[in-house]
Amino acid sequence: MNTEMEIKKAANILANAKRSVASCGAGISAESGIATFRDPGGVWEKLNPAEVGTSDGLLNTLTRDPGKLLPFFIELLEAFEKAEPNPAHLALGELERMGILQTVITQNIDNLHIEAGNTDVIEVHGNGFRIRCLSCRNTERMQRKQLIRDTLKKVKQMQDFSLDAVASLLPPCRLCLSPTRPDVVMFGEAVKDIPQAFDAARRCDVLLAIGTSGTVYPAAHLPFHAKESGAKVIVVNPNENAFSAVSDVYIPMKAGEAMGEIISTIRKLMH
Ligand code: APR
Ligand code: ZN
């Protein structure tokens, strides 16, 4: 398969799309310096999902051995602080402004699609920079870098990493002053806005699947759902095509590089 041809094919399909949708996984943020989960060196190689991926597991780990997570927690926060939207995020923002892309459905919690300018973003695993009250469930969107800087400062001054100390890392609820948590979906918790995500996949004429291993459901269903409804499916992933049964185009490249080439090809087609 000739990648050059696949880029051209993808650009043509998108340039003629009426309602395209992007469905993104951790791979789209890899070039922003945020580790993926299942690649070599990824998050699940360093941390055990059973110990940190569920709220019970995390509470248990923090109670039993609080200091254990500290180095990873700091490493993760520092990566999130440095991260900027990369050419792949920016290309999706431009595709929305061109009237080609309607919706971004993302499994990522890093806020980078919103910072890249997309306005219709379905965050099925939540957003790490929106905090939710543990009592009244009020949510509040925070400024990503400021929240990380404040949290890192507190973490580095923390003597003990107990549950109470961790609970006080985030600002209290503005309405009832109760403790808050990041408004993200842990394993075993209900994913967010799935009906809207499936509706977008059903109504689109092109679905762009970028940087996902297609291992976590229900998000992994989306490209199949789009295909069943008659959409064309374009996959961008340097290592694997989890959707080979339904993809019309497969671009084995990094998201930032591929989307950069696709958007410049579309600009030429649109002139
Ligand atoms: N560009 C595009 N894709 C990339 C890049 C890159 N630069 N680097 C890696 N990838 C691909 C990998 O080949 C892999 O297929 O991104 C994918 C990342 O897969 P995962 O780490 O499994 O991430 P994701 O599919 O988003 O996982 C889904 O699993 O653990 C949960 O909640 C977590 O949202 C996450 C969900
Ligand atoms: Zn509250």
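Predicted model: local features only at pLDDT ≥ 70, side-chain atom pairs only at ≥ 80, totals over all residues.
The strands of the model include an open sheet of six, arranged in the order β3-β2-β1-β7-β8-β9 with parallel pairing. Its edges are formed by β3 (121-123) and β9 (249-251), each of which pairs on one side only. Between neighbouring strands of this sheet the average turn is 15°, direction ignored.

Strand β8 (residues 232-236) is itself mostly covered, with four of its five residues buried. Helix α1 lies across β1, β7, β8 and β9, and runs at about 125° to β9.

Besides lying across these strands, helix α1 (residues 3-15) packs with helix α12 (residues 255-270) at an angle of about 55°, the two axes being 9 Å apart. The angle therefore makes α1 oblique to α12, and the crossing of the two helices is right-handed. On the α1 side the contact is formed by Glu 4, Ile 7, Ala 10, Ala 11, Asn 12, Leu 14 and Ala 15, which meet Ala 258, Glu 261, Ile 262, Thr 265, Ile 266, Leu 269 and Met 270 of α12. Classified by residue type, this contact of α1 with α12 comprises 10 nonpolar, two polar and two charged residues.

In the loop between α1 and β1 (20-24) is the place of Ala 17. Its relative accessible area is 11%, which means that Ala 17 is buried. When residues up to four places away in sequence are not counted, Ala 17 touches Ile 100, Asp 205 and Val 206. The C-alpha atom of Ala 17 is separated by 18 Å from that of Val 246, a residue 229 residues apart from Ala 17 along the chain.

A further open sheet contains three strands in the order β5-β4-β6, with antiparallel pairing. Strands β5 (139-141) and β6 (180-184) are the edge strands, each pairing on one side only, and neighbouring strands of this sheet are turned against each other by 40° on average, direction ignored. Strand β4 (residues 126-133) pairs with β5 in the antiparallel sense over three bridges, and Arg 132 stands opposite Thr 139 in β5.

Another helix pair is formed by α5 (residues 70-82) and α8 (residues 144-157), whose axes come within 9 Å and cross at roughly 155°. Because of this angle, α5 is roughly antiparallel to α8, and α5 passes α8 in a left-handed crossing. Helix α5 contributes Leu 70, Phe 73, Ile 74, Leu 77, Glu 78, Phe 80, Glu 81 and Lys 82 to the contact, while α8 contributes Arg 144, Lys 145, Ile 148, Arg 149, Thr 151, Leu 152, Val 155 and Lys 156. By class, the contact of α5 with α8 consists of eight nonpolar, one polar and seven charged residues.

Notes
Residues numbered from 1 in each chain as written. Chains lettered and ligands numbered in written order. Heavy atoms only, no water. Axes fitted to C-alpha atoms, helices over the stretch in contact; angles between N-to-C directions. Parallel < 35°, antiparallel > 145°, perpendicular 65-115°, else oblique. Left-handed = near helix turned anticlockwise from the far one by under 90°. Contact = heavy atoms within 4.5 Å. Nonpolar A, V, L, I, M, F, W, Y, C, P; charged D, E, K, R; others polar. Buried < 20%, exposed > 50% of the residue type's maximum accessible area, 1.4 Å probe, protein only. Pairing = 2+ DSSP bridges.
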